[in-house]
There are 2 protein chains.
Amino acid sequence: MIIALAQINLHVGNISENMTKIVLCIKKAQQYKADLVVFPELSICGYPPLDMLDYRDFTSKCTDAVENIARICTDIAVIIGSPSLNPNKQGKSLYNSAYFLFAGKIQSIHHKTLLPDYDVFDEYRYFEPNNHFTIAEHNGKRIAITICEDLWFDQKFDNSFYNNRLYSASPMEKLINQNPDFIVNIAASPFSWSKVQQKKEIFINTAKKHGIPVFMVNQVGANTDLIFEGGSLVINHKGELFDRISWFEEDFQIYELQEVLHSPAHGKKQVPTESIQMIYRALVMGIKDFFAKSGFQKALLGLSGGIDSSVVAVLAAEALGHENVYSVYMPSRFSSELSREAACKLAGTLNISFQETGIDNIMDSFQESLKPVFEDIPEDTTEENIQARIRGTLLMAISNKLGLIMLNTSNKSEAAVGYTTLYGDMNGALSVLGDLYKTQIYDLARYINLHKEIIPEDVISRPPSAELKKDQKDTDSLPDYDVLDKILFQYIDQHKDISSIAEEGFDKNLVEKIVHMVNSTEYKRYQSPPPLRISSKAFGRGRRMPLVAKF
Amino acid sequence: MIIALAQINLHVGNISENMTKIVLCIKKAQQYKADLVVFPELSICGYPPLDMLDYRDFTSKCTDAVENIARICTDIAVIIGSPSLNPNKQGKSLYNSAYFLFAGKIQSIHHKTLLPDYDVFDEYRYFEPNNHFTIAEHNGKRIAITICEDLWFDQKFDNSFYNNRLYSASPMEKLINQNPDFIVNIAASPFSWSKVQQKKEIFINTAKKHGIPVFMVNQVGANTDLIFEGGSLVINHKGELFDRISWFEEDFQIYELQEVLHSPAHGKKQVPTESIQMIYRALVMGIKDFFAKSGFQKALLGLSGGIDSSVVAVLAAEALGHENVYSVYMPSRFSSELSREAACKLAGTLNISFQETGIDNIMDSFQESLKPVFEDIPEDTTEENIQARIRGTLLMAISNKLGLIMLNTSNKSEAAVGYTTLYGDMNGALSVLGDLYKTQIYDLARYINLHKEIIPEDVISRPPSAELKKDQKDTDSLPDYDVLDKILFQYIDQHKDISSIAEEGFDKNLVEKIVHMVNSTEYKRYQSPPPLRISSKAFGRGRRMPLVAKF
């Protein structure tokens with residue numbers, strides 16, 4: 001039996017474009033004489049469709065699309081994900097389903113059992129969980145069809161929640177009891193730099209435990225904030241990695257089942273990829289897909305001569321092509337000559353468009369207008385914020401006039417503690433680095449410069465500054481990023497409380513102060529652009545905190 | 001048996017303040033010789049605590065607080081809501097629980113069965129559903145304790161989802177089978193202008209069906225966007241409304257069970273309240289609580305002379321006191337004299353602080369700076385947006401300098417179709433009218449002017465305009481609000497698709513155009529301030545759409 005894995009990049013809601021892609025893959029699989037081609041979870045509509053599922057015409061279009069695909073599956077079987085209607089009167093109206101198509105029609109529908117409902121996931125909001133377990137049969141082989149976390153049930157995987165309350169046995173057990181020859185897992189599992197290894201182990205453990213191969217097909221591509229890494233894989237019945245297909249790009253591979261069962265581990269097996277390299281590729285894909293899927297080509301960003309905007313410029317040029325990146329340097333009286341040089345040099349190295357527009361005259365006009373209100377109140381952060389907002393307004397004006405999409409250049413550390421200006425440096429359609437702590441951005445900058453100085457070394461070596469007042473340094477207001485980021489990571493990504501963090505050797509007063517900064521600036525993050533998610537706990541949709549709570 | 005209902009206003013996360021309030025009510029109930037005092041759902045922590053529940057120290061503080069309260073319940077019983085720990089290894093670590101306290105300790109814990117997971121509700125994200133049903137006994141009476149939607153199970157109530165897949169019988173049936181003498185329902189059910197009547201009927205139907213009284217205690221007060229209306233009620237065993245306690249304010253009432261069973265309907269029964277009046281009260285409470293709970297006193301808003309900002313000024317003055325409202329009129333060369341007069345007159349009528357700051361000089365400095373970039377490209381919406389952003393920046397500067405909280409003055413109609421400027425008129429900490437369609441704002445203005453002209457009649461009668469270019473009218477870009485709002489209501493609030501809306505007698509091309517405007521401006525709403533929620537489908541947390549989807 002020949003099995004094709006179609007790791008495709010889907011566009012949420014764009015059913016016709018997704019259909020075209022799916023049909024092309026089926027034709028390709030037919031050319032390879034494949035018996036079966038497997039597509040990712042919710043391929044028809046992309047993941048996550050969110051509240052589009054509340055519209056009946058949308059779900060009808062999905063089910064119509066599946067029926068249309070079934071018609072062309074005359075001599076080949078297809079496993080593909082789509083929402084399906086729950087025919088029962090009780091429960092939610094939809095399932096998250098895997099359709100098994102063959103001989104021109106839908107042979108069976110297999111629903112997802114373990115619906116994730118944590119972080120960015122809201123599957124209980126839309127879907128009824130499955131409680132009926134069947135095996136698909138094709139060409140004499142019995143196939144256990146599972147959807148994403150269904151296969152994770154009896155695995156240890158922190159940060160994920162198993163809705164196991166509903167089941168005395170795991171979905172895998174119920175299927176394994178029916179003696180399948182192999183397991184198919186269709187997934188839409190987003191990237192998190194800390195989970196890559198753990199996810200692989202789940203599939204290895206499953207194959208080993210049950211003694212049958214696993215074929216897993218993951219989505220690839222980004223849907224706004226969510227980035228799917230691909231990395232679909234084939235594990236043989238001994239739990240050995242037979243093949244891992246591409247990260248962060250579409251791929252199509254075929255496998256002979258007998259070969260998976262009898263050959264030694266496959267030659268194409270990838271070497272493990274370093275975190276920082278994966279983050280780089282994730283962000284590039286995140287930018288690329290945001291533009292492709294929103295129908296725009298050109299990006300705009302403010303280049304400050306600092307490390308964050310420098311890294312964003314590099315990523316944007318890589319993702320969109322240097323000819324599509326427009327950068328603006330907007331100095332004030334507090335900007336250093338070093339900043340201008342660094343911004344200018346980087347723009348030259350990247351060969352991106354570069355413009356300089358000073359803000360002092362606009363600042364003066366604001367101060368003039370505000371004089372009757374401000375009277376003799378001394379300068380404070382108000383004046384710093386005005387500068388940031390002038391820059392934000394200039395960028396938005398250029399964005400509007402020239403049809404460019406503005407990229408946000410702020411980072412997770414400053415977003416966490418509120419060291420940002422709402423409607424100023426928090427502007428942008430997409431926050432490229434919003435899920436990277438400052439120390440990770442330094443790592444990324446060093447990775448970018450690994451073989452050649454792209455980002456001027458001065459940018460990396462000099463102390464970070466917002467340059468919003470004379471001789472300002474980030475450390476005037478914040479602890480060293482080395483310390484700050486470690487505390488933030490434990491509080492935000494690991495949900496540790498103050499005492500537990502202090503026990504790791506941090507000053508308790510400092511931890512309290514930082515946690516307070518995080519909790520009291522929730523209102524700023526509520527209005528932030530979506531951050532490209534590369535961790536298992538980004539700000540944005542996946543972290544939901546009250547705004548005027550007292551902690 | 002004397003039963004006290006404590007309809008209190010809770011602050012999310014502020015356990016110590018909530019505790020103080022709870023203890024005071026218990027003491028008061030003791031003075032009235034009450035046998036039982038009932039508090040709302042999740043009283044200890046406020047509703048909804050959201051991801052604060054992911055922190056172990058937070059949930060420990062909640063359970064500690066309940067134990068402390070139990071200690072003072074020596075001669076009185078208390079029913080109170082709090083998260084409780086799930087002692088089982090399987091499932092989520094928490095329950096949403098009602099504690100029954102008496103004789104100085106926790107007598108029993110009753111968990112919520114039907115966890116809402118639609119719109120703003122994410123209870124499956126945090127809580128394990130109950131599957132164990134017991135009756136509490138006190139002074140010879142058997143009490144069926146239910147939490148919010150548990151009582152709704154066998155009721156028709158559109159827009160709500162019943163997780164009835166888990167149960168062959170409803171939680172109510174399981175409790176009724178155990179012959180309770182009365183039902184207690186503790187709730188945190190937020191206000192929606194269209195659901196008030198329906199919610200009452202649920203309780204009436206339940207009491208009638210089972211032939212026993214129902215005592216329902218709802219939270220009152222606002223937690224950022226979510227507004228709880230109170231309106232706790234007592235229904236006798238015949239399904240007659242015995243008493244309805246206050247809307248939109250704290251209240252404490254005591255009832256003699258025998259009297260509920262044997263007296264005719266209570267004299268205090270409220271007359272039904274009109275929608276528009278309830279909306280007015282909801283918004284006033286929403287503003288008041290946002291400030292009280294975030295620790296601020298003073299509000300700032302831009303007064304344009306238009307209807308939206310006029311209505312916000314009235315509401316803010318009512319909520320915070322005229323001395324705490326600071327208004328700024330920011331004219332440009334496109335502002336009409338009528339606008340200045342209207343803004344000025346309203347500020348005078350309300351006796352709120354009023355400042356005028358023109359924006360033309362700042363606009364000129366922006367245009368001067370942008371000349372090299374814009375070259376000869378003709379004026380377009382870019383210049384309109386710059387004006388809105390200058391105003392947004394001026395307001396934020398005043399807000400920063402004087403410690404005022406900026407109120408947003410945009411409405412649901414313009415938010416829906418994107419007839420707004422991100423980082424401009426979309427600025428603000430709280431969107432007061434973000435869940436009111438423009439036509440509802442006219443209704444509200446007329447309600448405000450019912451007995452006396454507060455908002456100048458000119459403001460209500462003249463055609464709405466953004467005044468961002470010469471002789472501009474909203475109708476240059478949008479259909480009449482009468483038509484627009486009807487289409488938007490069906491698409492957004494009722495989830496109808498294009499064909500179904502067109503079938504109601506609207507031009508299909510117009511419906512398509514409007515739906516496209518809604519779907520293509522999701523990115524703007526993603527960065528909007530939270531709107532005070534008064535409908536069953538507001539923008540914000542309760543409506544989750546993909547950002548770069550194709551529809």
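Tutor: Helices here are DSSP runs of H or I with at least four residues, numbered from the N terminus. This is a predicted model, in which local features need pLDDT of at least 70, side-chain atom pairs count only at pLDDT 80 or more, and totals for chains, interfaces and linings use all residues. Residues are numbered from 1 along each chain as its sequence is written, while chains are lettered from A and ligands numbered from 1 in the order in which they are written.

Helix 1 spans residues 15-31 of chain B and helix 2 spans residues 56-72, and they pack at an angle of about 20 degrees with axes 11 Å apart. The axes are lines fitted to C-alpha atoms over the stretch in contact, with angles running from 0 to 180 degrees between N-to-C directions. That angle makes the two helices of chain B roughly parallel, a label for angles under 35 degrees.

Which residues make the contact? Helix 1 of chain B brings B:I15, B:M19, B:I22, B:V23 and B:I26, and helix 2 of chain B answers with B:K61, B:C62, B:A65, B:I69 and B:I72. Contact here means C-beta atoms, placed from the backbone, within 7 Å. Sorted by class, this contact has nine nonpolar residues, no polar ones and one charged. Ala, Val, Leu, Ile, Met, Phe, Trp, Tyr, Cys and Pro count as nonpolar, Asp, Glu, Lys and Arg as charged, and the others, Gly among them, as polar.

Now for the two chains: the contact between them takes 76 residues from chain A and 76 residues from chain B. Helix 11 of chain A gives the most to the side of chain A that touches chain B, with 13 residues.

Technical notes:
Parallel < 35°, antiparallel > 145°, perpendicular 65-115°, else oblique.
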